[in-house]
Structure formats: C-alpha cells, structure tokens
Amino acid sequence: MSRFDPRRLRREFPIFERNPGLVFLDSGASAQKPRQVIDGIAEFYRSDYANVHRGVYALSARSTDHFEAARERVRAFLNAADEREIVFVRGATEAINLVAHSWGPAHVKAGDEVVISDVEHHSNLVPWQRLCQRAGARLMVAPTDATGEFDLARFEALLTPRTKLVAVTHISNVTGALLPVARIVELAHGVGALVLVDGCQAIPRMPVDVQALGCDFYAFSGHKAYGPTGIGVLYGRFGALLAMPPWQTGGGMITNVTYEETEFQEPPHRFEAGTPDIAGAVGLTEAINFIEGIGREAIRDHEAALTGYGVDRLSRIPGLQLVPGGQRRLSILSFNLDGVHPHDVGTVLDQHGVAVRVGHHCAQPLMDKLGIAGTVRASFGVYNDDADIDRLAEAVEACREMFSR
Amino acid sequence: MSDELRELYQDIILDHGRHPRNFHALEHPTHLARGHNPLCGDRVTVYLAIEGDRIADVSFEGRGCAISTAAASLMTEVLKGKTLAEAQALFAQFHATVTGAPPEDVPEALREDAERLEPLTGVKAYPARVKCATLPWHAFEAALKSGRAGDTVKTE
C-alpha cells in the first residue's frame, strides 16, 4: 500500500500554521487549501488576469489560455473523451441544476420517472423533485440496506422504460458508502435512462474515470477537492450536452444575436453565460495538480486506512453508534452518542480543538429514515492522520463522561 | 475542560436537559406554537393555558440538544403563574443576556426568576448555540401572537 506522510503534507496548508493544534475533520464539507492553490490564484491575478474570450490583446489571450488549459486539465483528470464535455459552473449544485433545468424539461415528461438513492444530498434530490413536480413525473427512491450498502436488486426492480434519469452520489456525504456506480450505469442504460453522478465526495479521494464509469453526467465542486469556492464542473457526454438547450443565457454563449432571435454556441460555451470564475478555474487546475502530485491511488489508500482506524477506534467507545456505511466506506464516519444531541457533541469537540460537522448534513430524508435528528460527522483529508482520530476519540470520550456525570 | 465549556454545561443545564420539567402536552391549551431550528432540526412545541392575562399552565414537547431542552424546561418553570407582561419582561431580559445586548431592567419582583435563567448565559460564548437557548422562547412568543395557533416559528 502506498502511503505518504500527512504530517509533512500538512505543512503545505497555511491554515494549520495559523491554527496550531487544529484537528480538522470536516473536509467532507470543504477541504482546506494548499499553498499551491492559494499562491496560484494570487499569481494569476498578479500576472495574467483579464477577461476571457473577448479581448484581442495579448493579456486577454493569455488569460483565455489559462482558462481553457484548466478545461483540458479537468478533462484529463476525469479521463473524459473530449474537452468540450467539461462545463465550468459554480459548484456541484449549479451543475445538477443545469441538467435539471436544461436536459430535464426536454426529456422528462408526464408519467416518466427519475430514480435517486436514499443517501442523496439535498442538492441531488431537490432539483429532481422540482423537475418531477413541474413535469408530472415521479421521483423514485432506491434504498440502501441495513448495512448501509446500496441495494442493487431493489434498484434494478425500480427501473422501467419510464425511467428517464438515475441520479446518484458516488460516495454518500453522510455514511461514506461508495455506491456501485459502474453497475448502476449499466442497469440504467439497459432501460434507456441516463445517469448523473454527484462526485463531490469521490473526486478529492479516489481515481475517477468517467468513461470507465460510463455515466452521462458527473458533477463536482472545486472547494471539496482542495480548490477554491465558486468553481465546479459538470462533465456531460458530448452527445447528451448537444441535445440540451441553454439554461442561463447572456454574453459569451452566443454566435449571433438579433432582436428577433439568437444562435447559441456549441457545448461547453453554450452553458457558460457571463464572465466565468476565471481565477477559480486556475485555482482548480492547481488543486488537481496538487492531488495528482500525491496520486489518487495513494490518497484513497491513505484515507481508506484512516477510515478503518476510525471505525475501529470509535467502535470501542461505549454508547457510540456508527451509522452503517457498507463494505466500501471511504473517509466519512457519521455517529451518535447515546443520550447526547449531536450539537452538544459538536460544541464539546470544538472545545477540544476538533472540528467536525453536526446536524442533518443536507440529507433530512435520510435522517428521517434512520430515525435520528442528526449525526456527528468526521470526514478526512490528505492532512489527517491516526493521531487526529485519537484526538477525536479522546474528545468523544470526554464528552460522554461529561454528559453521564 | 475549558472554563467556558463548564460554564455552558453547568450541572443544572445537564440536569434539565436530561430530565426536563413540564415535558408533556397540555390537554386543553389556549395557545400553542411550534418552534423549529432548520439548522439542526431541533423542534419544540410550547403549550399555554392562559386565564385572563395570566399563564395558568405552560408545558413543552419536542426533541433538541441539551441547551434547547434545558432552556425550554427552565422557561416553563419561570413562566408558570406569570402575567403576560411579566413573561414578556423576562423574555426581553433573557434575550438581552444571551445575545450580549445591554441588560433590560427587570422589575424587582421578577429578579429571582431572571436569576433562575442565568445558568443559560454561558451560551454567550458560543454564537452558534444562542439560537438553541432562544428557540423555546420564540415559540412561546409565537404562541401568544398567533392565538390558538399552529404556526411554526423558525430561528432562521
């Protein structure tokens, strides 16, 4: 197993210099930024910044080169077939809304069905719920089983020729379960449905190859992958993107405009109205360079080992209930402490210098299914090590003692 | 453990959080309102039985963290038997205390009740938790305003 030294890597993150002793276990919400990303953005603004795709002057051409180079960088990172399949958006939420608003009404009609899993983040649930409401379609929910594993048999039973889209997460942001996306795609394509994958939690921590997965859309946010906020990516199979009308309209996405009508550019520019987050794309390039510098296999192995250690360590704490995450859980552990509300746990952990997320994690229907108000969630990044998990476990123990006195 | 944390989770808070008082529905409430904190999913329903301008009985139900449960429990204890004007004076004082605003003047007769709410002032040091302490009070206020009620008051 290839491992690297997270302690040494941590020095690449200025936040840990400014906040000594911080145990940051909330990378699932947003990852911290390495110097390479912070400096890369600043350097771009200092040296090469101008608006893109407009100016005939050299500086604008240079800025455009950076922006389009970022697109190519993302293409290679995802192993997409063509860089025109990479649409820059604000984040995964906007990526999913783009598909729901553009592809959705053109392809989902009354009586059709959209299938999601029961571990979706609200961002991969609400847009489909709204689309179905508007179209008179039905939203179907494929369940995970009691062990937290996605139930392929029950999923398959939901698929019919009425199924137009399957929208699933790659890794659950609550349970950490890795969904069998390639098999899901195979089954969905079997009934003629397209597949959108929410890759927010997978992109920062494992190799992702959209052609191997076979999915039609893949969405992720830059900020969860050590990049800046405000930039994200929608990968769309070129054929799928071509069949989609524009969503937001305006400058930068047209070929010809008269008062009567407008001709639109081809993808991806058709979907990038207005000035994009140029520096964000540059920052995302640096984030990808950072991830590739370590290696995605190495990151996955590191975080899988941390996850195993975390499960082992937390399971020993009496009264601690881990939310099941299946056999292939990666980097995310949700739990509850008997008789103690997650918010109280979060406050006590914070006082011990341990930053975790508490609450419903934008997955209220899943909380309802589990019969809980929320969870405490620890999620890992490249800078975490076993000592961080020990600090977490010690703080949880202290919390347990405090509330049982 | 830090002093701030000890201040927040005093024994009396932990006790009321674990064993909330007046934790049941009223059979014939004249007023009720639900409070909801969408941030954490905490829910509280406050029941009031008002006779004239006096709170004859008050109770609550719901699920929440130790802070919001203890705040609701202590609230029901101090509100029982108060006039509406007294109740509002106590809320104003409490709200000012936990948000760090300049203290309101409390009539001499209510000073003891205001002191009973003091264990909750530890939330001042935790801005993210102030809403936990004020949620039941906002629900109480909503119950008064909405008459027989059914409105949900949100902290957001």
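Which residues of the largest nonpolar core touch the most other members? Keep the question in mind while setting up the view.

This is a predicted model, in which local features need pLDDT of at least 70, side-chain atom pairs count only at pLDDT 80 or more, and totals for chains, interfaces and linings use all residues. Residues are numbered from 1 along each chain as its sequence is written, and chains are lettered from A and ligands numbered from 1 in the order in which they are written.

**Stop 1: chain A as a whole**

Select chain A, which has 15 helices and 15 strands. Helices (H or I, at least four residues) and strands (E, at least two) are DSSP runs, numbered from the N terminus. The radius of gyration of chain A is 22 Å, close to the 22 Å that the globule rule gives for 405 residues, so chain A is as compact as a globular protein of that length. That radius is taken over C-alpha atoms, and the rule is 2.2 Å times the number of residues to the power 0.38. Along the principal axes, the C-alpha atoms of chain A fill a box of roughly 75 × 55 × 35 Å. Of the 405 residues, 53% count as buried. A residue is buried if 20 or more other C-beta atoms, placed from the backbone, lie within 10 Å of its own, exposed if 12 or fewer, and partly exposed in between.

**Stop 2: the core**

Now select A:Val114, A:Val195, A:Val233 and A:Leu234, which touch the most other members of the largest nonpolar core, a set of 121 residues. Such a core consists of buried Ala, Val, Leu, Ile, Met, Phe, Trp, Tyr and Cys residues joined through C-beta atoms within 7 Å. Helix α11 (residues 278-294) of chain A gives the largest share of this core, nine residues. Domain 1 (6-32 + 295-403) and domain 2 (38-292) of chain A both give residues to this core, so the core lies between them.

**Stop 3: the two domains**

Colour domain 1 (6-32 + 295-403) and domain 2 (38-292) of chain A separately; these bounds come from an automatic or database domain assignment. The centres of the two domains, taken over C-alpha atoms, are separated by 27 Å. Their contact takes 31 residues from domain 1 and 29 residues from domain 2 of chain A. Two residues are in contact if their C-beta atoms, placed from the backbone, lie within 7 Å. On the side of domain 1 that touches domain 2, α12(A) gives the most, with six residues.

**Stop 4: a loop residue**

Go to A:Ala146, in the loop between β4 (138-142) and α7 (152-158) of chain A. Is A:Ala146 buried or exposed? A:Ala146 is exposed, because 8 other C-beta atoms lie within 10 Å.

**Stop 5: a helix of chain B**

Select residues 84-99 of chain B, helix α4, whose 16 residues should span 22 Å at 1.5 Å a residue; its end C-alpha atoms are 22 Å apart, which agrees. The expected span is 1.5 Å times one less than the number of residues. Among the buried residues of α4(B) are B:Leu90, B:Phe91 and B:Phe94. The buried residues of this helix pack against β3 (54-63), α3 (66-79), α5 (111-116) and α6 (130-145) of chain B.
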